[in-house]
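Have the sequence and the 3D view open, and try each task before reading its solution.

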Amino acid sequence: MRHGKYPFIVGFLFAPVTLYVVFVIWPYLQAFYISLNAWRGFAVPPRWVGFDNFSRMLFEDDRFWRAVWHNGILLITLPLITIAIALFFAFLLSVGGKSKGGDMAGIWGSKFYRVVFFFPQVLAVPIIAVLFQTVYRPNESGLINGVLMKLGLDPVLFMIKPNLALPSIIAVLVWQAVGFYVVLFSAGMGSIPKDLYEAAELDGASRPRMFFNVTLPLLRDTLQVAWVYLGIAAFDAFAIVNVLAIADGGPDGATTVVALEIYRAYGKNDFGYASALGVALFFLTITFAALTLRVTKREAIEY
Amino acid sequence: MTTSLKKAAPARPKHVRGRKSAKSDIRLFNGLGQLALVVWALLVIIPILWVFLASFKNTTEIFSSPWTIPADLRWENYSRAWTKARVGDYFLNSVWVVAWSTFGTMLLGSMAAYVLARYEFWGRRALYFLFVAGLAFPTFLAIVPLFFVVKQLGLLNTHTGLILVYIAYSLPFTVFFLCAFFRTLPTSVAEAGIIDGCSHTSLFFRVMLPMAKPGMISVAIFNIIGQWAQYLLPLVLVGGNQDKWVLTQGIAQISVTAGYEADWSGLFAALTISILPMIIVYGIFQRQIQSGLTAGAVK
């Protein structure tokens, strides 16, 4: 393998590494530097201001804190709700059916359900957001309010009422994510040896018992992955808020997230501040990932 | 199996009763479960079906009878969406950009991953780490400098710029995944190839790449779906020229203008145009798509 090795290695790495350094690494490094500058607009060059952007962000910007708070809410609710629903469905689809001598089968039609549930994952988030704009519309042309108003009820103002807007957005994110995790957990459950269920059934364990005492502990690694993935999604949420929420994370900032604040600052050509917000988002994400991996780290269960 | 059951039964007679109540438990659990499954399936299907129906209605119908079958098949909604609202342009732009960027990602990503996985050289670990580190950074951190980098290269508002940036941002996951995949391939085949006088390059393209096909397909699907859904990068990089817009930003814009012009049927037709092809593609490649997207999580 020695013949002409180095020219080959350099030849293969040159294009990908160049592209990656120019468009990814270099901008990321610059972002940290820009965050320490006041830089508004194209005409004025950046001016060094140290940590001014960060003190403005931490002490003067209410919207930043609201955004962090909303990301926090997403970080708790999105994984909890999605994982709970997905686990329930995955369990039903994998071992919910009738059992013949401990041989667990999925519930009737499990293949169909898996295919349908997964579909929203294939759609782009902005398209889903526009779809749900029409579902949530506050008059008779909305899918939900069309029914409610036909029944003589008052329309529900999903995206207009401040305390309803964020839950409505979370519902859409859950709607999209569940199917992916059903498939992921089903795969995990499929690798659990059948004889464990067999033994549990012989001992007279009910289905819920089996779920909590057999399935859940053995799915630990998959659950950890799911939690990290959903957490990362909760830190983004830009596309859905930008398209679905009214008035830029409105009403009145009720749905704004850090990513949207970054985009808003960028849109106002407030480049230094946008980068400072980006740095904050970076540290939030890293802290979350490190914490999750640390907290959930435990010895794997051997089977 | 049966002997152990016989042995256990007399020793623990209370389990006989336990099994009976477990049976009725199962029935209740299954009943509720089946119901929940049907409800969720409807939650997924109904909004999409409702959009399809509404795409054939006119505005009066949309308001007065949102739940009925359309009175006529109004194809003019589609022609309006395709040409006037430019969904056609956006759709074709998306196809063009994603086709090239996925091709580029797979080519460059597999080349880098192969070398990093199978060759020992100075700086290999550092380079691998550099690629994988990209997974930890949110793209939002980069948007300001990225905008200026692309602008300085004269690639702002061009598909070339967008394609190159898509490739660059898809490399971390692609390299990470394919590196792990190339490491699992047997070394004997490669050694045989070298003895037969194969060059390193043709060894890669003729032997190793075909062997890595399952992994390549998974990552390609992952990249196609990810790049198709991109919203932030096109907003920042081609936002200034509407001719270059991709489907995601186009649809978001159409929903805004539909509000001004009260052209709801056009919006529904535009939505259908963007959802229907995905249903067809998903229907055909359903199995590959599911395993491709979850492959990243399972590792």
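## Exercises on a predicted model

Keep in mind throughout that this model is predicted.

**Exercise 1.** Find which residues of helix α7 (residues 143-152) of chain B are buried, and what covers them.

*Solution.* Start with the helix itself: B:I143, B:V144, B:P145, B:L146, B:V149 and B:V150 are buried. Next, look at what surrounds them. From chain A, the cover includes α1 (5-34), α12 (258-267) and α13 (271-295). From chain B, α8 (159-184) and α12 (232-237) are among the covering elements. Finally, step just past the end of α7(B), where B:G154 has a positive phi of about 70°.

**Exercise 2.** Classify A:A237 and A:D252 as buried, partly exposed or exposed.

*Solution.* Begin with the backbone. Most residues other than glycine have a negative phi. A:A237, not a glycine, has a positive phi of about 55°, and A:D252, also not a glycine, has a positive phi of about 55°. Now place them: A:A237 sits in the loop between α10 (220-236) and α11 (238-244) of chain A, while A:D252 belongs to the loop between α11 and α12 of chain A. Then count neighbours. A:A237 has 24 other C-beta atoms within 10 Å, so it is buried. A:D252 has 13 within 10 Å, so it is partly exposed.

**Exercise 3.** Which residues have the most contacts inside the largest nonpolar core?

*Solution.* This core has 175 residues, and A:I240 and A:L277 have the most contacts inside it. The element giving the most to this core is α8(B), with 17 residues. To finish, trace A:I240 beyond its neighbours within four places in sequence: its contacts are A:V125, A:A129, A:I169, A:V172 and A:L173.

Technical notes: Residues are numbered from 1 along each chain as its sequence is written. Chains are lettered from A and ligands numbered from 1 in the order in which they are written. This is a predicted model: local features need pLDDT of at least 70, side-chain atom pairs count only at pLDDT 80 or more; totals for chains, interfaces and linings use all residues. A residue is buried if 20 or more other C-beta atoms lie within 10 Å of its own, exposed if 12 or fewer, and partly exposed in between; C-beta atoms are placed from the backbone. Helices (H or I, at least four residues) and strands (E, at least two) are DSSP runs, numbered from the N terminus. Two residues are in contact if their C-beta atoms, placed from the backbone, lie within 7 Å. A nonpolar core is a set of buried Ala, Val, Leu, Ile, Met, Phe, Trp, Tyr and Cys residues joined through C-beta atoms within 7 Å.
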